[in-house]
Each structure stands twice: as structure tokens, then as C-alpha cells.
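Let's take a friendly walk through this structure together, starting from a single residue and then stepping back to the whole chain.

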Amino acid sequence: MSRRVIDEIRRLDIPAKCKAELAMLCAKARKLGMRILRFIRSHREFAEAMLLGAIVAFLLNKVPLLGGFLALCALMTAAAIGLLRELRDDFERFFDSDALAV
């Protein structure tokens, strides 16, 4: 954990038990952040599609009446496209390595 974060937690005017819980929460949040970054690095196509889908969903959500439904459709379509791209890449790698082994 960053020294700056620990110093900020120590300066808070709250009970020591709350400070300890907050420090543990910061450590867990850092671990979660690192896991998310590792997932994004290993599944780049899916992450790019989801990011684009989230942006489009946010914009579509502003449309009156049908915006929520269209946003959900855009997000699900982006997820499906990202998964299919990941599968395509995995299949290409699998069959390329299989052809080299024969």
C-alpha cells in the first residue's frame, strides 16, 4: 500500500478500529485493481469491446423511453462481440499450434 494512503488514514479523526478496517479495505481494493488489470491484459479484445459498449450504452441511456433498453442491447452486443473475438483468437492459436505439432 502506498505510504501516502496510510498517512491519510492515520490523519483521519475516527476510531482506531475504523482506521484498521479502512487500511484493510484499501489493501483489498489494490489487489482487486491489480486483478482487473491482469484480466484486461490477458483478454484485450473482450476489454476493448466492453469499454466501447459501455460508452455507447452510457450515451444511449440518455435517449427518452427506449434509452435503457437500447443501452442494455448495446452492452450485451459488445460483450458478445468481444467474447467471439477472444474465441476466434483462441481457436486460431490452438489450430496453428496443432498444425505445427503434426
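Leaving aside its neighbours within four places in sequence, which residues is Glu86 in contact with? In this predicted model, Glu86 touches Ser42, His43, Arg44, Glu45 and Phe46 once those sequence neighbours are set aside. Glu86 itself sits in helix α4, which covers residues 67-101.

Now look at the charge on this side chain. Glu86 is buried, yet it has no salt bridge. The nearest side chain of opposite charge belongs to Arg93, 5.4 Å away.

The protein has 4 helices and 0 strands, giving the pattern α-α-α-α along the sequence. What radius of gyration does the protein have? The value is 21 Å, whereas a compact globule of 102 residues would come out near 13 Å. Along the principal axes, the C-alpha atoms fill a box of roughly 60 × 50 × 20 Å.

The surface and the contacts complete the tour. The accessible surface is about 8,500 Å², with 68% of it belonging to carbon and sulfur atoms. Among contacts with a separation of 6 or more, 44% link residues 24 or more positions apart.

Methods
Residues numbered from 1 in each chain as written. Predicted model: local features only at pLDDT ≥ 70, side-chain atom pairs only at ≥ 80, totals over all residues. Heavy atoms only, no water. Helix = DSSP H or I, 4+ residues; strand = E, 2+ residues; numbered from the N terminus. Buried < 20%, exposed > 50% of the residue type's maximum accessible area, 1.4 Å probe, protein only. Lys, Arg positive; Asp, Glu negative; His and termini not counted. Salt bridge = Lys/Arg side-chain N within 4 Å of Asp/Glu carboxyl O. Contact = heavy atoms within 4.5 Å. Rg over C-alpha atoms; globule rule 2.2 N^0.38 Å. Areas by Shrake-Rupley, 256 points an atom, 1.4 Å probe, with all protein chains shown as cover.
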